Amino acid sequence: MNPMQENTTKKKPVSPLVYAAHAANDICWFVVPLVLPVLLDRFSIGYSGAGTILTTYLFVIAVFSFFIGRLSDKVPRIAIIVVGFFITFVGFLLTGLAPNRPLFMLFLVLTAFGVSSFHPVAYAFLDEAVKEKRGRSYGTFELIGAIAIMAMFLLNGTLLSVIGYQGVLIVTGIPSLIICILFLLNRSSFTVAQASAEPPELSPTHKGQTMAPALLILFIVSIIIRVISVTPVLNFIPVYLNREFGLKPQTAAYGSAFYFLGNLFGAGFSGRLSERFGPLRPLILFTAMIGPVIFLLGLSLPLWVTL
């Protein structure tokens with residue numbers, strides 16, 4: 001094998017379409033918290049009802065992400081992505097048109113099923129395509145998602161006062177339909193890439209090294225605790241700003257963009273830090289920051305400090 005051929009097999013650039021799909025998928029994760037203040041009034045529900053809506057949506061995404069990850073090892077990934085994004089579009093369309101809460105919840109579950117299909121497949125694409133500077137590549141991947149979510153909060157915050165929550169949900173589903181069509185048109189290149197993909201070779205420094213079971217369990221438990229602590233805060237930011245500070249739902253949506261403004265800096269920065277110091281130290285550093293910050297959010301602070 002000549003050097004040029006070896007180069008091309010070693011490094012397959014990540015398709016820009018994968019990054020675009022990540023942006024379209026991420027906005028679907030956080031549009032429900034955005035419209036939550038309006039849903040409280042629309043369906044005459046309290047905080048427990050709002051929690052039920054969010055829990056159902058995220059639980060379905062979590063469960064099906066697990067099964068779809070396993071399915072993607074046997075079924076062509078392009079088929080999973082195309083079907084998943086189409087279901088997401090249909091789900092948001094039906095959810096936006098739902099006349100009552102039971103149908104809203106039913107269609108929301110359908111939407112969650114579609115939303116769950118992308119991330120397991122996307123990480124497989126990245127793992128096969130990126131052979132070096134993985135911290136930076138994954139940081140860029142998350143950065144693009146954060147930019148899309150922040151733009152979604154800003155844009156849909158404006159649209160919320162114009163077309164209502166129904167229109168916002170329908171509009172949010174349109175990028176999923178576009179991504180579905182683009183992947184369908186480019187399906188041959190992704191099918192070939194998956195067929196020719198080989199398991200990544202370990203570098204000499206990593207050969208023979210495995211993570212101890214106790215350390216792996218500790219890592220998984222830490223992720224669970226981190227998600228449990230961060231997710232409620234993140235998803236209830238619009239409701240909190242609306243109910244506690246009296247902001248209009250659209251203005252509360254703008255406030256949620258502050259979270260992802262921090263994400264813009266954190267994603268790229270932590271990716272570079274992990275390349276220099278390894279992934280463990282940045283993980284410990286940023287995780288340690290979460291507790292004190294959430295504690296401060298629980299205090300009676302001025303709006304600008306909260307943001």
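Is His22 buried or exposed? His22 is buried, with a relative accessible area of 0%. The model is predicted.

## His22 in helix α2

His22 sits in helix α2, which covers residues 16–42. A residue under 20% relative accessible area counts as buried, so His22, at 0%, falls in that class.

Leaving aside residues up to four places away in sequence, His22 contacts Phe118, His119, Phe141, Glu142 and Gly145.

## The nonpolar cores

The largest nonpolar core contains 45 residues. Tyr57, Phe104 and Phe153 have the most contacts inside it. Six helices each supply at least two of its residues: α2, α3 (47–71), α5 (101–115), α7 (134–185), α10 and α11 (249–277). Helix α2 gives the most, with 11 residues.

Phe104 has its own list of partners. Not counting residues up to four places away in sequence, Phe104 touches Leu39, Phe43, Ile53, Thr95, Ala98, Tyr165 and Leu169. A second, separate core has 20 residues. Ile78, Phe118, Val121 and Phe125 are among them. Phe118 is also one of the residues that His22 touches.

## The salt bridge

The structure holds one salt bridge. Its partners are the side chains of Arg243 and Asp41, at 3.3 Å from N to O. Arg243 lies in helix α10 (residues 237–244) and Asp41 in helix α2, so the pair ties together parts that are 202 residues apart in sequence.

How accessible are the two partners? Arg243 is partly exposed, with a relative accessible area of 35%. Asp41 counts as exposed, at 54% relative accessibility. The cut-off for exposed is over 50%, so Asp41 at 54% passes it, whereas Arg243 at 35% is placed in the partly exposed class.

## Aromatic pairs

How many aromatic pairs does a search of the whole structure find? The search finds five. One of them joins Phe66 and Phe67. Their rings are edge-to-face, 5.2 Å centre to centre, with 75° between the planes. Edge-to-face requires planes over 60 degrees apart, so the 75° of this pair qualifies. Phe67 counts as partly exposed, at 49% relative accessibility.

## Leu93 in helix α4

Leu93 belongs to helix α4, residues 77–97. Leu93 is partly exposed, and its relative accessible area is 30%. Along the chain, Leu93 and Val168 are 75 residues apart.

Definitions and conventions. Residues are numbered from 1 along each chain as its sequence is written. This is a predicted model: local features need pLDDT of at least 70, side-chain atom pairs count only at pLDDT 80 or more; totals for chains, interfaces and linings use all residues. Side-chain values use heavy atoms; hydrogens and water are left out. Helices (H or I, at least four residues) and strands (E, at least two) are DSSP runs, numbered from the N terminus. Buried means under 20% relative accessible area, exposed over 50%, partly exposed in between (1.4 Å probe, protein chains only). Contact means heavy atoms within 4.5 Å. Rings of Phe, Tyr and Trp (its six-membered ring) pair if their centres lie within 6.5 Å; planes under 30 degrees apart count as stacked, over 60 as edge-to-face and the rest as tilted. A salt bridge is a side-chain nitrogen of Lys or Arg within 4 Å of a carboxyl oxygen of Asp or Glu. A nonpolar core is a set of buried Ala, Val, Leu, Ile, Met, Phe, Trp, Tyr and Cys residues joined through side-chain atoms within 4.5 Å.
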